[in-house]
Amino acid sequence: MPSYALQREIPLDDRWDVIVVGGGPAGCTAAAAAAREGASTLLVEATGCLGGMGTGGLVPAWMTFGDQQKMIIRGMAEHIFVKASAGLAHATVAECWGPIDAERLKRVYDDLITASGAVVQFHTMLSGVEVDDAGRVTALLLSSKNGLTACRARTYVDATGDGDLACWAGAEYVQGEEGTGEVMPVTHCFLLSNVDDYAFTYGPSVYSTVIAEILASGDYPEIADAHCCANLVGPGTVGFNAGHQWDVDNTDPVSVSRAMVQGRKIAVAFRDALARFYPTAFANAHLAVTASLLGARESRRIMGDYILTVDDFLARRSFPDEICRNAYPIDIHTAKDEIADNRAGHLNVMERYQHFAPGESHGIPYRCLIPSGIPNVLVAGRAISCDRPVQASIRIMPVCLGLGEAAGIAAACAARMPAPDVHAVDTCQLRRRLIEEGGYLPEFATIPAGG
């Protein structure tokens, strides 16, 4: 492809201590935490709302914040979960999961960022990263209605979900299954309205009984396998995380565009199939909206100072620098060569790896957030440094909330250094601040003063 060299100067905004790119769960808590620590903080978001997959992506339910006994992802994450769950009579707060009212959750994130003092800039895309000879990020290029502009901070948090900032800064990364590059299938979520609440709540299971009948009919080729999670998210409104598409690369806009078009066809097929096979609940259902974001489960994983492995997961390992706990199972969705087994009911993807017993969890070390060789960038969210099986566990929104808060505190700490270095952050102090703000780090709940 031919290249083009810019021949003009562009405006530079250099007033920030911390810039966070990506306003999903990790980006929201990172920006709020950095601002709470006293750092002047800018949050850059490509869409018109905060929350990522829980709002623009219409994922209809939280995965677990707990370990089957108690909430273990706390701090800012707990605050968000409780605020977002208010008014949802069927939210199981005590069990640390529940449905998502996307519009309410948008306002919760808006209030979080506004109250923290961070500044959010919507409809703004990260378009380039400038790096000096030492690997230090010196500026970000942004595109918006203001045209092409530049902004600069002392430290940066990559919460893009795809590791865009870190990748463009030169960080090493891997993507997909080793040897093939295959990534998990994507899902385009949607909402059906005018559903009979009672029939949906007390009728047959959409996930098991009804989807099997739909697949057996052979009349809906758009519905390729049995993936179908549904949650009542409001009066007469059911949110669907349903349907799979394979060979979609979330870092390729052409690939994503094709998947969005196909996703809307899949949503219509589900509405029509449910009206036929589950008429007591869905006979008069209306396809109210499809998500503005595609539900990509994995793309790049940025290699950092530590790579969290499946052995760490299975060993329930703790770390001296851990900044978050996790108990969600390894959830690798159906691969292309498993579609037939899935349709026949012979595959349960949640049984690939051992589940934790009640009360068990593993730690995630701070080093997984630090791209190797880059002094002033942290990564928060599904793109942190880990192997593929572990990524299938830590990618969920509650974990991203916890990772973001830690990244924000660390970014603010590094920004105060004469020469910001995220590798040199005092992890004892970082963990102390997380605990002071309500975080759950049981192995290191008591940290002596001075480390």
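Among contacts between residues at least 6 apart in sequence, 73% join residues at least 24 apart.

What we are looking at is a predicted model, in which local features need pLDDT of at least 70 and side-chain atom pairs count only at pLDDT 80 or more, while totals for chains, interfaces and linings use all residues. Residues are numbered from 1 along each chain as its sequence is written, and side-chain values use heavy atoms, with hydrogens and water left out.

Let me take the whole chain before the details. Its secondary structure comes to 13 helices and 19 strands, where helices (H or I, at least four residues) and strands (E, at least two) are DSSP runs numbered from the N terminus. The radius of gyration is 22 Å, close to the 22 Å that the globule rule gives for 451 residues, so the chain is as compact as a globular protein of that length; the radius is taken over C-alpha atoms, and the rule is 2.2 Å times the number of residues to the power 0.38. Of the 451 residues, 57% count as buried, meaning under 20% relative accessible area with a 1.4 Å probe, protein chains only.

Now to the strands, which pair if DSSP finds at least two bridges between them. Strand 2 (residues 18-21) runs parallel to strand 3, with four bridges between them, and Ile-19 stands opposite Leu-42 of strand 3. Which way do the side chains of strand 3 point? Thr-41 and Leu-43 point one way and Leu-42 and Val-44 the other, and all are buried. In a regular strand, side chains alternate between the two faces of the sheet.

Elsewhere, four strands form an open sheet in the order 1-9-8-7, with mixed pairing. Its edges are strand 1 (12-13) and strand 7 (125-131), each of which pairs on one side only. Strand 7 is joined to strand 8 (residues 137-144) by six bridges, and the two run antiparallel; within that pairing, Val-131 has Val-137 as its bridge partner in strand 8.

Finally, consider Ser-116, which lies in helix 3 (residues 102-116). Which residues does Ser-116 touch, leaving aside its neighbours within four places in sequence? Ser-116 is in contact with Ala-31, Ala-32, Ala-35 and Arg-36. The C-alpha atom of Ser-116 is separated by 22 Å from that of Leu-369, which is 253 residues away along the chain.

Conventions
Buried means under 20% relative accessible area, exposed over 50%, partly exposed in between (1.4 Å probe, protein chains only). Contact means heavy atoms within 4.5 Å.
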